[in-house]
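Hi everyone, thanks for making the time. I'd like to walk you through one fold today, so please have a look at the screen.

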Amino acid sequence: MISLWNISLQEKISELHDDTWNIEIDETIVEHRPARDWHQYISGSFAQFKCSLCRKCWGSKRVQVLFNFHLDTARNQGTIKVRRFKKKCRRCTEAQWEDPNFPVENIDVLIERLVRNIRMKCYREDLGQTNRSSVFNGRVNGPHESAHCEACHKGVCSQAN
């Protein structure tokens, strides 16, 4: 799973000077509270979900991803931690939080946005305002449902009521 994120990062790594950057999934990072000397960035994208109970599949245009990143300038080493917010099946009463499955194109868009953010925060580059859109595949039925959105529960969803 992390390999798709890492492949995308490695394709854009040349923009991050001569530093080495690693990326890892970390479901324990907390929104709005990055560790000391770390930066935080939140972005959203389209992803698919599959219920582990009833096997129902659905898509969501509002899947939040939390990135924490830090550059150790003494070691020329950067670390990125990624938390992907989950959703629950609305059909199952005992639904569990399910991991999002992002299309490769959207991982690329998320990483591109992240790299821009790293360049501005860690390297103090002025890049102006541009934002590539995510790719939307499939259908989404109905409005955003905050009750089934982990990001809404944590207060980081752009659609929270």
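Two strands pair if DSSP finds at least two bridges between them. Please keep in mind that this is a predicted model, where local features need pLDDT of at least 70 and side-chain atom pairs count only at pLDDT 80 or more, while totals for chains, interfaces and linings use all residues. Residues are numbered from 1 along each chain as its sequence is written, and side-chain values use heavy atoms, with hydrogens and water left out.

Now, the sheet. In what order do the 4 strands come? The order is β1-β4-β3-β2, in an open sheet with mixed pairing. β1 (20-25) and β2 (39-50) stand at the edges with a single partner strand each, so one side of each has no neighbour in the sheet. On average, neighbouring strands here are turned by 25 degrees against each other, direction ignored; for angles like this, axes are lines fitted to C-alpha atoms, for helices over the stretch in contact, and angles otherwise run from 0 to 180 degrees between N-to-C directions.

Let's go pair by pair. β1 and β4 (residues 77-84) are parallel partners over 6 bridges, and I25 stands opposite V82 in β4. β3 and β4 run antiparallel, joined by 8 bridges, with L66 opposite R83 in β4. In the hairpin of β3 and β4 there are 4 residues between the strands, and N76 takes a positive phi near 55 degrees. β2 and β3 are also paired in the antiparallel sense, over 11 bridges, and H39 faces F69 in β3. Their hairpin has 6 residues between the strands, and there R55 takes a positive phi near 70 degrees.

On to the helices. Contact, by the way, means heavy atoms within 4.5 Å. α2 lies across β1, β2, β3 and β4, running at about 175 degrees to β2.

How do α1 and α2 sit against each other? Helix α1 (residues 2-12) packs with α2 at an angle of about 50 degrees, and the axes are 9 Å apart. The two are therefore oblique to each other; on this scale, angles under 35 degrees count as roughly parallel, over 145 as roughly antiparallel, 65 to 115 as roughly perpendicular and the rest as oblique. On the α1 side, the residues that meet α2 are L4, W5, S8, L9, E11 and K12, and their counterparts in α2 are V104, I107, D108, L110, I111, E112 and V115. Those residues divide into 8 nonpolar, 1 polar and 4 charged, where Ala, Val, Leu, Ile, Met, Phe, Trp, Tyr, Cys and Pro count as nonpolar, Asp, Glu, Lys and Arg as charged, and the others, Gly among them, as polar.

E125 is in the loop between α2 (104-122) and α3 (150-154). Which side chains does the E125 side chain reach through polar contacts? One is H17, at 2.8 Å, and another is R119, also at 2.8 Å. A polar contact is a pair of N or O atoms within 3.5 Å; within protein, one must be able to donate a hydrogen and the other to accept it, and residues adjacent in sequence count only if both atoms are side-chain atoms.

Finally, S158 lies in the segment after α3 and touches R62 and Q64, leaving out residues up to four places away in sequence.
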